[in-house]
Amino acid sequence: KRGVRVIAPEHTQSVMARARENKQNGTTFTQEEKQTLWPDEERARLKIMANCGTLRRRYPQREDGETFMKDIDYQRRDELLDRACDLTVEVVSSWEKLKPETPIAVILFGSVAKGLVKREDHPDPSNIDLAVIGEITKQERESLLDAIRPKRVEIQKEILAKVPSIDSSERNPGNAGVIVQDMEKLTKENYSQTKNYIASGAVALYDPTGIWQELETKALKHEAEKANGKKK
């Protein structure tokens, strides 16, 4: 309804692939399959993504989103995804030097996660958005940001290298952005911050101990229970 086409979540992609296969084979989902096709948590995820406040603000009318899609470049998205992975390696390496006994997760969200990356010479270049989550103090946050700053600057220079002139309302266009948060913050107000990340297409680039997976599961369960409560 916003006129934009975002990359579908993994479960949705799986269902779409099965539907295409059925169409090719001339078959349909069985009644039993239909009943289990969309778990409550996945319905909740799609609802959160469809109601994304950022998309609502940027593309109030369908025509706004359709116009924006003309500037989308999926090859450029792949390039920025590679840079996001490079930055994740830097984050993990730096954190292991600071506090190796404490696990973290790194998630990608925003335009790169959603697949809404503009062409490389666009005057309002797309950013990379990462969030680092774990048991992290304010001092550790500052130390980590200091350690990865050179890599962030390097990546931002790469992003801006082919932009002839900047014309953006953003304070820091083409930024390799990193948010560092104590995971307790993501549990507050019924997982509102976690849900904001889900709305922005969040996917884990590094999550060996399941920090993000657990937060995401609990947030989706809460949203599903809320929806089921309204139905009753």
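Tyr191 is found in helix α9. Helices here are DSSP runs of H or I with at least four residues, numbered from the N terminus. Before I continue, two remarks on the source. This is a predicted model, in which local features need pLDDT of at least 70 and side-chain atom pairs count only at pLDDT 80 or more, while totals for chains, interfaces and linings use all residues. Residues are numbered from 1 along each chain as its sequence is written, and side-chain values use heavy atoms, with hydrogens and water left out.

Let me stay with Tyr191. Its phi is near 65 degrees, a positive value in a residue other than glycine. Tyr191 counts as buried because its relative accessible area is 17%; the term buried applies under 20% relative accessible area, exposed over 50%, and partly exposed in between, with a 1.4 Å probe and protein chains only.

Glu189 also lies in helix α9. Its phi is near 50 degrees, again a positive value in a residue other than glycine. Is Glu189 buried or exposed? With 66% relative accessibility, Glu189 counts as exposed. Just after α9 comes Gly201, with a positive phi of about 75 degrees.

What of the helix as a whole? Helix α9 covers residues 188–199, and at 1.5 Å a residue its 12 residues should span 16 Å. The expected span is 1.5 Å times one less than the number of residues. The end C-alpha atoms of α9 are 17 Å apart, which agrees with that expectation. The buried residues in α9 are Tyr191, Thr194, Lys195, Tyr197, Ile198 and Ala199.

A salt bridge is a side-chain nitrogen of Lys or Arg within 4 Å of a carboxyl oxygen of Asp or Glu. How many does a search of the whole structure find? The search finds 18 salt bridges.

One of them joins Lys195 to Glu223, with the closest N and O atoms 2.9 Å apart. Lys195 lies in helix α9 and Glu223 in helix α10, so this pair ties together parts that are 28 residues apart in sequence. Both Lys195 and Glu223 are buried.

Arg45 and Glu216 are both buried. Through salt bridges that share partners, Glu42, Arg45 and Glu216 form one network.

A further salt bridge is found within a single helix. Asp86 and Arg83 meet through their side chains at 2.7 Å, N to O. Both residues lie in helix α6 (residues 74–98), 3 residues apart, about one turn of the helix. An α-helix has 3.6 residues a turn, so residues three or four places apart point the same way. Asp86 counts as partly exposed at 31% relative accessibility, and Arg83 also counts as partly exposed, at 26%.

I close with the surface. Lys1, Arg56, Arg57 and Arg58 form a positive surface patch. Patches are made of residues with over 30% relative accessible area and no salt bridge, like charges being joined within 9 Å and nonpolar side chains (Val, Leu, Ile, Met, Phe, Trp, Tyr) within 5 Å. Lys1 belongs to the segment before α1 (10–25), and at 66% relative accessibility Lys1 counts as exposed.

Methods:
Helix = DSSP H or I, 4+ residues; strand = E, 2+ residues; numbered from the N terminus. Areas by Shrake-Rupley, 256 points an atom, 1.4 Å probe, with all protein chains shown as cover. Lys, Arg positive; Asp, Glu negative; His and termini not counted. Charge placed at Lys NZ, Arg CZ, Asp CG, Glu CD.
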